[in-house]
Number of protein chains: 2
Amino acid sequence: MSKELTSRAENYSEWYNDLVLKSGLADYSAVRGCMVIKPYGFALWENMRDVLDKMFKDTGHQNAYFPLFVPKSLFEAEEKNAEGFAKECAVVTHYRLKNDPSKPGKLMVDPEAKLEEELVVRPTSEAIIWNTYKDWIKSYRDLPLLINQWANVVRWEMRTRLFLRTTEFLWQEGHTAHSTKQEAVEETERMLEVYATFAEEYMALPVIRGVKTPAERFAGAEDTYCIEAMMQDGKALQAGTSHFLGQNFAKAFDVKYLSKENKQEYVWATSWGVSTRLIGALVMAHSDDNGLVLPPRIAPIQVVIVPIYKGDEQKAQIDEKVIALMQDLKAAGISVKYDDNDNNRPGWKFAEYELKGVPVRVAIGARDLQNGVAEVARRDTKEKTSVALENLAEHIKDLLVQIQENLYNRALNFREEHTTQVDGWEEFEKVLDTKAGFVSAHWDGTAETEEAIKEKTKATIRCIPLNNLQEEGKCILTGKPSSQRVLFARAY
Amino acid sequence: MSKELTSRAENYSEWYNDLVLKSGLADYSAVRGCMVIKPYGFALWENMRDVLDKMFKDTGHQNAYFPLFVPKSLFEAEEKNAEGFAKECAVVTHYRLKNDPSKPGKLMVDPEAKLEEELVVRPTSEAIIWNTYKDWIKSYRDLPLLINQWANVVRWEMRTRLFLRTTEFLWQEGHTAHSTKQEAVEETERMLEVYATFAEEYMALPVIRGVKTPAERFAGAEDTYCIEAMMQDGKALQAGTSHFLGQNFAKAFDVKYLSKENKQEYVWATSWGVSTRLIGALVMAHSDDNGLVLPPRIAPIQVVIVPIYKGDEQKAQIDEKVIALMQDLKAAGISVKYDDNDNNRPGWKFAEYELKGVPVRVAIGARDLQNGVAEVARRDTKEKTSVALENLAEHIKDLLVQIQENLYNRALNFREEHTTQVDGWEEFEKVLDTKAGFVSAHWDGTAETEEAIKEKTKATIRCIPLNNLQEEGKCILTGKPSSQRVLFARAY
């Protein structure tokens, strides 16, 4: 397969697919809509997961694991949730295969092994978890219950995209139970902030914190908070959601606790999740026509060192310097790779690590050694500098911090340039078609208008930003009075 | 639920279930044969997983992720493997639910959403992975391919036991591809040794390294290596397996590589796995009638500190000492919990942490403070010692090492006491019925005899130990000539 990428200008969507495949993040599989996460992509996911996991634990959560399958009768208990997911459920109906008598060597589903009750492969785990919480929660002393699960989930999507929308995906889902509404709302907001912090500080991805409109809420939630990011093609991407579930699941599964006042009360709930979709966001936010551009704080390889030499003697001299440098970098917790594989030429390696988005590349040649320098290239700006060997480790450490900041600022500038305040319908359509990005506009607050705008333009209300400015205005479509602007965009 | 456990002598099997449930490791679920892994059990699994994951990476493996579903046509491609698992497969046949017209508010499987090809929920991933490797392996330069996956798998078991045998379980499965048979065999043996090292050094669980008889091999393997452990009731437990798969999967999925000699050759394969079953082994190997006994190196909480005081002033004095002690222990990487929850009395806490198997308990009272000492109790022997506060941190660090060693030695002694060399049939049956444990005996090497012994006694050949002594003897059942002893036992 050629390593040449389609350019973003040529075809943004093909560029994305090309990049994911050729950089070694993921591959298609034999299962419709499911992908294989390749080692490089999985190493990236592990880094993201480890940071998030620590943030969850630091905010008092514990991990647990609940079954993959949800019996149909439990699945349908919370009606709104069930209705929201029913159309995309993979369903297990049988528990055995047998030899196909008509086709030697082939198997068939054994009709005698039909399940009495079908099992839904979890599209999300509220039902199975709240059915369990019923046994775990008896008194106010059992609350709050703060649990997270790392798991695979399945949603039968008709149109899939690598990472962005796959039939099976990996995610984490937090499910918490509280004795008061206020505490549950605070938890919902706390976890939204955890996601926002992770996106901004680790993924270098600026996000808008907001609340979804009722039409865009998670099925079964009273309120859905979200973080929304902007991709390089001006489309928005929902990067994480945190739901205040009210007492909906507590009532559906009859989960009550004995309060300090000795009363039986329904429990308040939240759930929140981010998924491997974040990798799609990461790719689309920062990368360029030469390949991935990964933020240093989550890059699987932060620094790659390429030797340039002729003969064993030169190689030995370079090795000596490199080994010392690597020790220094590793001691600082930096992930570094020395690629001295002599099957590939330096030029090939440069292109390969550009494709893979390694933030810093160091090239050391024999002449550099004589001059006491090395060439340091940063992936984000492609700048190359000659750096004295004695300062190299410190220089690299600083550079990683600079690259992280630069990526964030670049993405933030892009988003600001692609956020437009609009007051009239014609301008609204024009901005969406020509400039794209977020459009901040007044909306009359009705689901009908929201739907009509979506039908006319394919733009949806991404969110009502938190702490939104309250101002009088007129709905861009209906002209009816509005008290605040909301953010519209076409979205992934 | 009472915290009283059934004793081992009374009913070993009930003791095990009681202990798993009451210590907070796991719970039953609404899904037949599936369990919920509770936070304490999952923290234990995370510790085990993290150690293993590092061992896999240190031996050159990378993690990746492959789809949960295996299309039936791929599943049946390697016939022996398919035959081995066909009877325990959960099968997805539909991808949508719809409202049940006859039952308002209820859902039913939508008959119009029937899959053209059924999807098997992976019972193991050789098929889906080797179908992918076909695209990844072209030349000898692509080999070896050393990949591991942490995943959930489903095997429809008729009789299930918490951790030991559940319909869904968590595991890791390594799948490697090699250019030569020798290299693949070496990999199989290397990973067996990784498992054995993990079991012995971290789980404090001595294991026999061996090879399975053909009848006990993994379906589709040329050779299955295993580690076998001994439980306190004298039954054996297979704790991990490593398979040399020959070229079976390469041939089934047509995976060839271009050799250095420019020839197309089939690839050689291995696979190897351990699962949450290890937690069952851990519980049954070390625990006692008062609760879990966890080896310090993988215990979620290594040290618990309980204050004993009256009034805020005493509490403040104790807090001061404890905070300093905790800093010291945490700096040494020790996981420590200070339980100063005043809802529970010290006696209740002592019992609770005994139940949870925390290796070291420190109690500090007001009078202790005056005397400059604390009471240190070790979970394994239940010994209590008064230790001077200034030596406390060092004492605890040493004690954790001692406990780890003691658990291993205790289990090793138990196994040695419960390994019996037997030369006659009557004695064979008697030992199995009265003393249990491993029985080392001659076997004529035929599957018929193996099966006959199993039918008569329920004992199976656990393994032929590696580097087994070669000696002439007579099969205990048939009297036919035999060249070596093998290990029999009744097993989980």
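Predicted model: local features only at pLDDT ≥ 70, side-chain atom pairs only at ≥ 80, totals over all residues.
Trainee: What kind of peptide bond runs from A:Leu143 to A:Pro144?

Mentor: That bond, from A:Leu143 to A:Pro144, is cis, and its omega is near -5°. In chain B, the peptide bond from B:Leu143 to B:Pro144 is cis as well, with omega near -5°, and B:Pro144 sits in the loop between helix H5 (126-136) and strand E9 (145-154) of chain B.

Trainee: Why is A:Trp150 called partly exposed?

Mentor: A:Trp150, which belongs to strand E9 of chain A, has 18 other C-beta atoms within 10 Å. A residue is buried at 20 or more such neighbours and exposed at 12 or fewer, so with its 18 A:Trp150 falls in between and is partly exposed. Setting aside residues up to four places away in sequence, A:Trp150 touches A:Arg49, A:Asn63 and A:Gln172.

Trainee: What makes A:Asn467 count as exposed?

Mentor: Inside 10 Å, A:Asn467 has 7 C-beta neighbours, and since 12 or fewer is the condition, A:Asn467 is therefore exposed. A:Asn467 is found in the loop between strand E24 (460-465) and strand E25 (470-474) of chain A, and it has a positive phi, near 55°, although it is not a glycine.

Trainee: How do you know what relation superposes chain B on chain A?

Mentor: A rotation of 180°, with 0.0 Å of shift along its axis, places chain B on chain A with an RMSD of 0.0 Å. That is the relation of a two-fold axis. In chain B, the C-alpha nearest the axis belongs to B:Val92, at 2.1 Å from it.

Trainee: How do you know that the copies meet through the same surface?

Mentor: Of the interface residues of chain B, 98% are also interface residues in chain A, so the copies meet through the same surface. The contact takes 54 residues from chain B and 54 residues from chain A. On the side of chain B that touches chain A, strand E5 (residues 91-94) of chain B gives the most, with four residues, and that side divides into 32 nonpolar, ten polar and twelve charged residues.

Trainee: Why can strand E5 of chain A and E5(B) be said to pair?

Mentor: Strand E5 (residues 91-94) of chain A and E5(B) share three bridges in the antiparallel sense, and because at least two bridges are needed, the two strands pair.

Trainee: Which residues have the most contacts inside the largest nonpolar core?

Mentor: The largest nonpolar core has 306 residues, and those with the most contacts inside it are A:Leu205 and B:Leu205. Leaving aside neighbours within four places in sequence, A:Leu205 is in contact with several residues, among them A:Ala199, A:Ala229, A:Leu282 and A:Ala411.

Methods. Residues numbered from 1 in each chain as written. Chains lettered and ligands numbered in written order. Least-squares fit on C-alpha atoms with pLDDT ≥ 70 in both. Contact = placed C-beta atoms within 7 Å. Core = buried A, V, L, I, M, F, W, Y, C linked by C-beta atoms within 7 Å. Nonpolar A, V, L, I, M, F, W, Y, C, P; charged D, E, K, R; others polar.
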